[in-house]
Structures are given as C-alpha cells and as structure tokens.
Amino acid sequence: MAGVNGVEEALRQELAAKQAAVDQQADAVRELKSRSGVSPAEVDAAVEALKALKVEHGGLIKQLQAAVGSSADGGVSKEEFRQAVVNTLERRLFYTPSFKIYGGVAGLYDYGPNGCAIKTNVLSFWRQHFVLEENMLEVDCPCVTPEVVLQASGHVDKFTDLMVKDEKTGTCHRADHLLKDFCKEKLEKDLTLPPEKVAELKHVIAVLDDLSSEELGAKIKEYGITAPDTKNSLSDPYPFNLMFETSIGPTGLLHGYMRPETAQGIFVNFRDLYYYNGNKLPFAAAQIGQAFRNEISPRQGLLRVREFTLAEVEHFVDPQDKSHPKFSEVAQLEFLMFPKEDQLTGQSAKIMALGKAVSQGTVNNETLGYFIGRVFLFLTQLGIHKDRLRFRQHLPNEMAHYAADCWDAEIECSFGWIECVGIADRSAYDLRAHTEKSGINLVAHEKFSEPREVEKLVITPSKKELGLAFKANQKMVVQALEAMKEAEALEMKAALESKGEVEFQVCTLGKAVTINKNMVSVNIEKKKEHQREFTPSVIEPSFGIGRIIYCLYEHSFYTRSSKTENEQLNVFSFSPLVAPKKCTVLPLVKNDAFDGVAKTISRSLTRAGISNIIDITGTSIGKRYARTDEIGVPFAVTVDSTTSVTVRERDSRQQIRVNLDEVSSLVKDLTDGLTTWADVMWKYPAHTATSAED
C-alpha cells in the first residue's frame with residue numbers, strides 16, 4: 001500500500017518519456033518520407049521502430065491503468081466487475097430497487113430472501129461480538145423523534161451537506177461528490193497528466209472533507225465543473241438539511257423528524273440506563289434500527305441510500321479515566337491506519353500496531369483504541385479482506401469541535417474507499433446538550449473514600465414563589481434553573497442583586513420568563529463532598545450495516561470456469577457465519593428413494609439449527625451445484641445412496657463420503673467453526689466427482 005504512489009509516479013514519468021520518444025520517432029518517419037532519395041528499406045525500418053515504441057507505450061498505459069485503480073484483479077475493469085456483482089445480486093434477489101413496478105425511487109431498496117438472511121446473520125454476529133462480549137445494555141427506540149431532541153443534539157441546525165444546483169434545470173447535486181468524481185476521472189483517464197497536477201488532484205481528494213463551502217465552490221469553478229447530465233453551470237454550494245421532517249399527531253403542531261441516527265434515543269435514556277446498571281461506570285448501551293437521511297443525489301446502490309440500518313454503541317466512561325481493562329487483548333493487532341498528518345502531507349496509509357498508535361498519541365485513548373481493534377476483528381471475521389480495510393482519522397475541519405478523536409473504518413471496493421464504521425470519542429457533548437435543553441441532569445457520580453471540602457455553587461429555586469408565578473410550568477422553570485452552568489448562574493446572581501429581576505430563557509417552554517430575587521438564590525458555599533458529580537464522555541462506534549454488506553458482497557465474489565461448458569460461473573465465497581443458507585441437500589438423480597433420504601437429512605439439519613435448501617428438481621447435479629455456489633452456500637450434501645452421502649465444499653469443490661447418521665453433526669461442526677474442512681478431509685474418505693457431476 002505504502003509503495004503504490006511511488007509506482008504510479010514512476011510509471012507516469014516513464015510513460016511521459018515514452019510518449020516523447022514516440023513523438024520524436026513519428027517526426028523522424030515523416031521527415032524520411034518527405035526527403036527524396038531515401039531507400040524504402042530505411043523508411044520501413046523507421047516505421048517498424050515507431051510501431052515497437054507504440055507497443056511499449058501501450059504496455060505502459062495498461063500498467064498505469066492498473067496502478068491508478070481503473071481495473072480490478074485479472075484485468076477486468078472495476079465497472080465490469082461491479083456490474084457482474086450487481087447483476088448477480090439482483091438476479092438472485094439479494095436486493096432489488098423498491099417500488100420497481102412504479103419506476104422505483106432513488107436511494108430506496110428492498111432486501112430479498114438471500115439479502116435478508118445475510119443481514120440477519122451479520123446483525124446476529126454483531127450482537128454476539130459486541131453486545132454479549134461487552135455485556136452491553138440493548139435498547140430499541142422510536143424512529144420518529146420530536147424536534148426538541150434534535151435541536152438539542154444540533155441536527156436541526158447542522159446536519160447538512162453542501163449542495164449545488166443546475167442553474168437552468170434546478171437539478172440538485174452534492175458538491176463534494178462532483179469535485180471528487182472530477183479528480184478521480186482525471187487521474188484514471190488522463191494518463192499524460194504532469195506529476196505536479198497528479199499531486200494536486202490527489203491532495204484535493206485527500207482533504208475533500210476538510211474544505212469549507214467557499215473553498216469547495218472555488219475548486220468547482222477553477223476546474224470548470226458543470227452539471228453531469230446537462231453541462232450547465234452550477235450555483236455556489238449551500239447547505240441542505242438531510243433530515244426527513246414530519247408532524248406528530250393530527251394537529252400538526254408537534255414537529256418531528258425521522259431519526260438520522262439511533263444514538264439520541266440512548267442519550268435521552270442515560271439516567272435510567274445508569275440506574276439500571278447500578279449507578280456504575282463504564283457501561284455501554286447498544287441499538288440496532290432504521291435511520292433516515294434525505295440524500296441529495298443517492299447513487300452507488302446500497303452504499304448511499306435514504307433509509308438504512310444502523311448498529312450503534314454508546315460507551316459511557318469517566319472523562320478522567322479512558323483506560324480499558326481489555327485493551328491488552330487488541331494491542332498487538334496490526335492493520336492499515338491513515339492518521340490525519342499523513343493525509344495532509346499526501347502520504348498513504350501504513351500498517352501500524354494498535355498499541356503503538358495509542359501509546360504515541362496517534363489514537364487519543366485506550367477505550368477508543370480498544371473499539372478500533374474490536375471493529376477490525378468484527379469486519380475481518382465477517383469476510384472483509386484486511387488488506388482492503390483501513391482506519392482513517394478525521395481531518396480537523398471534518399471533526400466536530402467537541403470531539404476528542406474520530407476514526408472511520410473504510411473498506412475498499414469498486415467505488416473506492418467507503419466509510420462503513422465511524423469510531424468517535426464524542427467527549428461529554430451529547431449528555432451536556434440534552435441536560436441543558438431538557439433541564440434534567442444527565443450525570444454520573446464517583447464516591448470518595450474520604451469527604452472533601454470544596455467551594456460549591458448552590459442554586460436553590462423557591463418552588464412556592466415559582467409555583468405562584470408560573471403555575472403548571474413551575475416544574476420546567478425549576479429544572480432549567482437547576483441545570484444552569486456556573487457562569488450563567490453567577491451572571492444571574494449579579495443581575496438579581498443589582499436590578500432585582502432578570503430575563504431567563506427556558507428552552508423547554510420555548511420562551512424567556514422573568515425571574516425575581518424571591519424566586520431563586522444563588523450562593524457559593526463551602527461544603528463537604530462525599531462524591532464527585534460529572535458528565536460522562538461517550539465513545540461511539542457506529543456501523544452502516546448496508547455498506548458493510550455491500551463491501552462483503554464484492555470481497556466475496558469471484559468467477560470460475562465451468563468444467564463441462566465453456567462458461568464462467570459466479571461464486572460468492574461467504575463464510576458459514578454469514579452465508580444465507582449453510583447447506584444444500586441434493587439427490588444425485590431423481591428417484592423416490594434418494595428423495596426420501598434427502599428430505600430426512602433436510603429435517604435433521606433444520607432440527608440442528610442449520611439453514612438449508614433441498615433441491616429435488618431433475619436438473620443435472622453440476623447445474624444445481626452452480627446455482628447454490630452463486631448464492632454462496634458453503635456446503636452441499638449429495639444423496640447418491642441410501643446408506644452414505646457425499647459432502648462438498650464450495651470453493652475447493654472437494655468431496656468426502658460420510659455415513660447418513662453423521663451428516664447433521666458434521667455439517668453443524670463445520671458451520672459453527674468447531675472443525676475445518678482440512679480436518680474433515682483427513683478424517684473421512686475423499687470422493688472423486690466425475691466431470692458430469694461437477
């Protein structure tokens with residue numbers, strides 16, 4: 001990975017030199033042909049030399065195309081590879097565009113039987129790997145969220161992408177996508193770019209998320225980027241809020257939104273979860289659910305959609321102690337990391353040891369590092385290739401002002417590097433924001449072994465006076481007064497002492513009220529404290545399940561030649577962990593005896609909890625193997641007698657012979673990972689299939 005840029009740069013320089021040689025030789029050929037008295041043999045020799053240079057030039061172009069990533073493994077273009085994957089996924093009903101008979105809606109997709117099975121398996125493993133392993137508290141909150149919650153979180157004001165409009169048609173486009181597409185297309189298709197221009201375009205891609213609205217607009221104008229379909233000029237970039245707005249109830253007076261993330265449901269339940277956990281930190285809460293984002297211009301299939309499944313963890317921790325007792329279990333892991341300094345200086349991701357990254361301060365703290373390591377293990381155990389997985393640190397401008405550190409797990413596919421998991425140290429921002437907006441203290445406590453004397457700000461609302469003044473709204477005013485920060489409370493104290501009253505904004509009422517000196521007292525007192533009160537920090541791993549699954553599809557897909565026909569067969573090499581079905585049961589030929597055995601085996605597998613398909617059609621066994629290989633079924637049981645059967649492994653196509661009474665237990669051990677195919681190949685006799693069978 002680290003040497004890719006150097007290879008590309010050397011190839012570009014070599015190509016430029018070869019192009020110059022071609023041009024020079026072409027000039028020489030033309031000059032020879034224009035002179036009189038030159039022998040035909042001399043001209044022919046010059047032409048042959050030109051042809052040889054052009055062949056060398058063409059070879060360098062192919063090498064450079066591979067280096068810049070415009071072709072996938074085996075020389076197939078990325079677009080051709082992607083189309084083969086997508087065609088297979090749609091034809092075998094892994095997913096399909098929603099509302100297809102009505103023309104469909106961009107950014108909305110339905111999962112079919114195979115897609116649902118894989119999604120269920122991925123989420124089941126996510127629960128096992130995170131919720132069960134870390135003893136997390138799982139919750140399930142509504143998708144419809146009142147506006148006040150998302151005002152507190154900042155989504156109403158700041159959950160935006162920069163958009164540009166076609167100035168003639170009004171069609172909207174996401175500004176950063178247009179700039180990124182322009183740079184990538186230039187790099188992949190214009191192989192004669194000078195080195196300084198290559199470096200410039202790569203730098204723009206690297207810092208794209210760090211560009212302000214003005215900088216983004218300036219680059220679009222500098223490069224002459226126009227609307228993709230019409231080539232019309234574009235407006236300046238401006239923000240567009242990505243949330244779907246709705247109203248709650250028949251009056252339409254209570255505004256709400258479809259949630260853009262699941263996290264806020266956990267934050268607003270913090271107090272109850274903290275109590276449920278015995279008032280102890282650290283602890284983590286988890287949630288799996290649908291989220292909604294009104295994408296400006298959805299594209300890239302399952303990678304950018306308007307409704308999607310998120311799996312999110314909120315790990316609450318003392319901000320003064322972000323160590324993790326299990327960090328040593330992941331500290332030795334090594335994988336591709338892409339710190340912000342390397343991005344800004346044009347370097348590539350490099351392999352780093354996680355323990356070293358934390359100890360050197362590249363990763364902010366042990367708890368954040370622990371979850372980065374756990375995410376790496378989760379993705380690679382699903383089947384993501386570790387050499388096509390990297391952890392990229394957020395650049396300064398793309399990281400929220402309150403965040404201590406943020407990393408994205410990015411997976412490489414035919415679309416490039418795709419953010420699939422975000423792992424962020426969000427500090428105490430969320431709980432403080434909801435405390436301020438709701439008036440409810442979302443805090444934790446640390447008990448001291450010995451009392452400590454401290455100066456303490458004491459806010460004492462007079463519930464009697466406030467009740468007389470505000471009646472039914474008394475409780476909200478009291479909560480808002482008690483939630484005041486120290487600076488605001490001292491400012492109120494000074495105003496009450498000098499003026500006798502002060503205007504006070506109560507967010508839950510949506511208005512300011514007048515507070516007089518009889519309604520509240522604000523004092524600084526010396527007190528003995530038996531505990532410390534603080535707002536916990538939050539470490540948040542957030543998983544885009546649809547994106548992970550699509551990248552898994554690409555990482556698992558390959559083709560191989562048929563043994564009996566001159567055609568390419570599609571195969572998904574899913575592990576048993578995620579495969580939509582674990583096993584296929586196939587009678588070798590159609591007869592009542594074999595069909596009966598097949599049905600018995602299928603029932604036995606089902607009772608053992610192994611999902612399976614039984615195929616008793618009369619199609620040739622080779623075609624039936626190909627059908628199940630194409631949806632990624634790892635094992636096939638072929639009934640060719642009434643006493644024993646063969647078990648076939650999908651990728652090697654090797655087979656073993658097994659007695660009927662051992663089939664279910666053997667397949668279960670294989671799918672549960674208790675044994676490997678290599679182990680059973682030693683234990684059971686091999687079966688050699690004829691070419692007609694496979």
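Which residue in β10 is the bridge partner of E138?

## Strand β10 and its neighbours

In this predicted model, the bridge partner of E138 is A286, a residue of β10. The pairing to which strand β10 (residues 283-292) and strand β3 (residues 137-138) belong is parallel in sense and extends over two bridges.

## Packing of helices α3 and α19

Two packed helices are described by the angle between their axes together with the distance between those axes. For helix α3 (residues 78-91) and helix α19 (residues 545-556), the packing angle is about 110° and the axes lie 10 Å apart. Because angles of 65 to 115 degrees count as roughly perpendicular, α3 is roughly perpendicular to α19. The crossing of α3 and α19 is right-handed.

## Residues at the helix contact

On the α3 side, the contact involves F81, R82, V85, V86 and L89, and these meet Y550, Y553 and E554 of α19. By residue class, the contact of α3 with α19 is made up of six nonpolar and two charged residues, with no polar residue among them.

Methods:
Residues numbered from 1 in each chain as written. Predicted model: local features only at pLDDT ≥ 70, side-chain atom pairs only at ≥ 80, totals over all residues. Heavy atoms only, no water. Axes fitted to C-alpha atoms, helices over the stretch in contact; angles between N-to-C directions. Helix = DSSP H or I, 4+ residues; strand = E, 2+ residues; numbered from the N terminus. Parallel < 35°, antiparallel > 145°, perpendicular 65-115°, else oblique. Left-handed = near helix turned anticlockwise from the far one by under 90°. Contact = heavy atoms within 4.5 Å. Nonpolar A, V, L, I, M, F, W, Y, C, P; charged D, E, K, R; others polar. Pairing = 2+ DSSP bridges.
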